[in-house]
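User: I would like to go through this model term by term. For each label, set the value against its definition.

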Amino acid sequence: MCTRRHGGGRVRSTTPAEDRYIVLSAKRNRRTTAEQVANQFLAASVKQISRKTVARRLRGGGLYARRLVVCVPLTRQHRTARLQWCREHHNWSEQDWACVLFSDESRFSLSSDCRRQLIWRESGTANRPENIQSKDLIRHAVSWCGPAS
């Protein structure tokens, strides 16, 4: 006769109530790292947990580390300036456009740490206001061939 024993395996380091606290603290400040959430947990309860445990509990709560969506707010002045620039350059040829480099098209990093900020968010919530960071970027066009002839 064979029976299954209950309670086998490793004892969990956190209770379900503590798991909810971890998820709630990450939702309150989505830009905190797992290490910071672990330190907050240590300050709140005298239990020390690892960064990996925090990340597992957050995944269990439906939160994943994702890149922050950067939004460029366009004012009326921005739209007017862009429209004016387009009207000035609407008759350029392919050769003229081949000499232009838009400097904000790509992001390059020579080091392994690209310093992109991650946030804890649920799947499918990238464009919610709490998951968007407004940033003023100006598109620069640099001409490499000189003025159009």
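User: What pLDDT does the protein average, and how many of the residues score at least 70?

Analyst: The average pLDDT is 80, and 81% of the residues score at least 70. pLDDT is the predictor's confidence in each residue, from 0 to 100. This is a predicted model, so local features need pLDDT of at least 70, side-chain atom pairs count only at pLDDT 80 or more, and totals for chains, interfaces and linings use all residues. Residues are numbered from 1 along each chain as its sequence is written, and side-chain values use heavy atoms, with hydrogens and water left out.

User: Where does pLDDT stay under 50?

Analyst: Over residues 138–144. The model has 17 contacts beyond four places in sequence for that stretch. Contact means heavy atoms within 4.5 Å.

User: How many helices and strands are there, and what makes a run count as one?

Analyst: The protein has 5 helices and 6 strands. Both are DSSP runs, numbered from the N terminus: helices are H or I with at least four residues, strands are E with at least two. Along the sequence the pattern reads α-α-α-β-β-α-α-β-β-β-β.

User: Why is C71 called partly exposed?

Analyst: C71 has 31% relative accessibility, so it counts as partly exposed. The cut-offs are under 20% relative accessible area for buried, over 50% for exposed, and partly exposed in between (1.4 Å probe, protein chains only). C71 lies in strand β2, residues 69–71. Its C-alpha atom is separated by 6.0 Å from that of Q133, 62 residues apart along the chain.

User: Which residues of α3 are buried, and what covers them?

Analyst: In α3 (residues 51–60), T53, V54, A55, R57 and L58 are buried. Their cover includes α1 (16–28), α2 (34–44) and β4 (118–121). Just after α3, G62 takes a positive phi of about 90 degrees.

User: Why is α1 called roughly perpendicular to α3?

Analyst: Their axes cross at roughly 85 degrees and come within 9 Å. That makes α1 roughly perpendicular to α3. The label covers 65 to 115 degrees; under 35 counts as roughly parallel, over 145 as roughly antiparallel, and the rest as oblique. Axes are lines fitted to C-alpha atoms, for helices over the stretch in contact, with angles from 0 to 180 degrees between N-to-C directions. D19, I22, V23 and A26 of α1 meet V54, R57 and L58 of α3.

User: What makes a set of residues a nonpolar core, and how many residues has the largest?

Analyst: The members must be buried Ala, Val, Leu, Ile, Met, Phe, Trp, Tyr and Cys residues, joined through side-chain atoms within 4.5 Å. The largest such core has 13 residues. I22, A26, I49, V54, L58, L63 and W120 have the most contacts inside it. α1, α2 and α3 each supply at least two residues of this core. The largest share, 4 residues, comes from α2.
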